[in-house]
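Hello,

Here is the structure I promised to pass on. Please have a look at it first, and then read my notes below.

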Amino acid sequence: MGLALHRGLFIHGEWHIFAPEIFLSHSALFSILVPSSLWLRGTGAGYVANLALVASLGYLVSLLSSILVYRVFFHRLARMGFKGPLYMSTSKLWHVWKSRTSLNHLFLDGLNKQYGDFVRTGPSEITIFDPNFFNAVDGPRTECTKSEWYDILWPESSLLTTRDRGLHDARRRDWKVGFSPQALSNHFQKMLKHLDGLCLALDSDIAAKKPTQMRDVFYWLGFDFMGDFVFSRSFDMLGTRKWDYMVIRLQRAMSLLGPVSPAPWLIQLAFRVAPRVYQIGDWFGMAAWTHQQVAHRLDNPPKDNDGPDLVHYLLEQNEGVRTQEAILRMRGDSLNAMVAGCEPVPIALMFLFAELVQKPEYIDGIYQEVRDADINDAKILAKLPCLNAAIKETLRLYPIIPTGGSRKTSKNGVMIGNVFIPPDTTIIGPRYTIQRREDCFVHANEFIPDRWTSRPELVRNAAAYSPWGVGHHSCIARVMATDMLRATTARIIKNYQFRLAPGNTGRQVQLDMTDQLTLSPGHLQLCFAPR
């Protein structure tokens, strides 16, 4: 029975969405069979009891044996000769175990060194370190789609998690109105208010003659702005100098996604079966909070001088769009925006300033550019070569999503480099490793912004650089995020001098970083002084 079920059913199609039902049905079956067999033994029907036990154990053994034998010897990836750790070809649980310390980026980097550029990291998964990966899977001619991981919000959805290509493109068109040139100008002006709050926080630490905890102020800046951007309701953490409780819950929830992300079916079990406590409770608490914020925002429109927010562009831009279906989509999109939008800028700023403080010559170069420039003009900031090179180099060394962004090949498969990846295969291209390839970037592990300006020979293959993604799956808010990185960096360097706090080396940011779906940097303390 187990063999027939596996060969006739489970090896066809996707089953991650049904993981809770499969788990609960099998649990119920065995929870009934075992007590029943013991009861039958007590009534003297030992033969029937033994038959029931043998049948249930036989089913389980045959099912697991069929799965293991098929995956190790007969799966198409095994027949095609893709190499990787044998244990990873049997189950993604091994990958989850290896990722439990949130160092997935280093684990996959080690697999690249051991097995090469195409590594089998799951029963039907290939991790690819070839620099052609990004254009092959997300370029204009791709047939690849988003993988099972993107069903994370099921049965709800958002722009980020929509797997259907046509629906995704339609929803992306709706989002684009919120990132038009005029909209980006509005967002930039709104962001400048929060930069004023950042400077007040730095001035407060200067007056108190104490070092600034950069992780705190950069994350406060990112979350304050995103709350304002999505709901016209800032967290005001820069003003209160305290972490908001919901932000703490979101970050605890994100710490769960890193370890369980390698197994999408495990995410479904965690979110739909497991008790809503600890990180799982934090996730649902944050989801409920975003839903409440959407309702509150619809009932309390912002003042005209606050500028349009994301709710305005997605629900109020066109008359009559505020349907129940649109509101449900907005609930998913608001959670998407908070999860995916709050952390990229703080993460990049942490790594950027950790590198700059150790190489002050680049601070001097940026200062010469911004000293007499209007740094409240996004168009001017976009033309400053030293500033933009430093940001670009930071995103190369420390991609926001180091190992995520998995795709699935179509029925025709896909060619990456000179290697054919068969149909219906999950493929992952870890940016952390690809963007540090020595055959693509000279001195690949070093922070050298000059490679993007005066020393182009240090870039051997620009195709390996893809921090925001490419094509229709690229980050739709990348321009807004880049504007914020430029404006924040320019404001700090123009107005302040800074150095490492006593006892700090600046290396803990990198040494303590973890992969929690997004990179999570270590701590950094800097001492500031007015210029």
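**What turned up**

Helices here are DSSP runs of H or I with at least four residues, strands are E runs of at least two, and both are numbered from the N terminus. Buried residues in H17 include Ala326, Ile327, Met330 and Leu335; buried means under 20% relative accessible area, exposed over 50%, and partly exposed in between, with a 1.4 Å probe and protein chains only.

Before going on, please note that this is a predicted model, where local features need pLDDT of at least 70, side-chain atom pairs count only at pLDDT 80 or more, and totals for chains, interfaces and linings use all residues. Residues are numbered from 1 along each chain as its sequence is written, and side-chain values use heavy atoms, leaving out hydrogens and water.

Now to the rings. The whole structure holds 23 aromatic pairs, meaning rings of Phe, Tyr or Trp (its six-membered ring) with centres within 6.5 Å; planes under 30 degrees apart are stacked, over 60 edge-to-face, and the rest tilted. Trp149 and Tyr150 make an edge-to-face pair, 5.1 Å centre to centre with 80 degrees between the planes. Trp149 is buried at 13% relative accessibility, and Tyr150 is buried at 7%. Tyr362 and Phe447 are also edge-to-face, because their centres are 5.9 Å apart and their planes stand at 90 degrees. This pair links distant parts of the chain, 85 residues apart: Tyr362 is in helix H19 (residues 360-370), and Phe447 is in the loop between helix H22 (431-434) and helix H23 (478-495). Both Tyr362 and Phe447 are buried. Ring pairs also join Phe218, Phe353, Tyr496, Phe498 and Phe528 into a cluster.

The backbone has some points of interest too. Most residues other than glycine have a negative phi, and most peptide bonds are trans. Trp154 and Pro155, however, are joined by a cis peptide bond with omega of about 10 degrees, and Pro155 lies in the loop between strand E3 (145-146) and helix H9 (165-176). Ser102 has a positive phi of about 60 degrees though it is not a glycine; its loop runs between helix H6 (93-98) and helix H7 (104-115), and Ser102 is buried at 7% relative accessibility.

Best wishes
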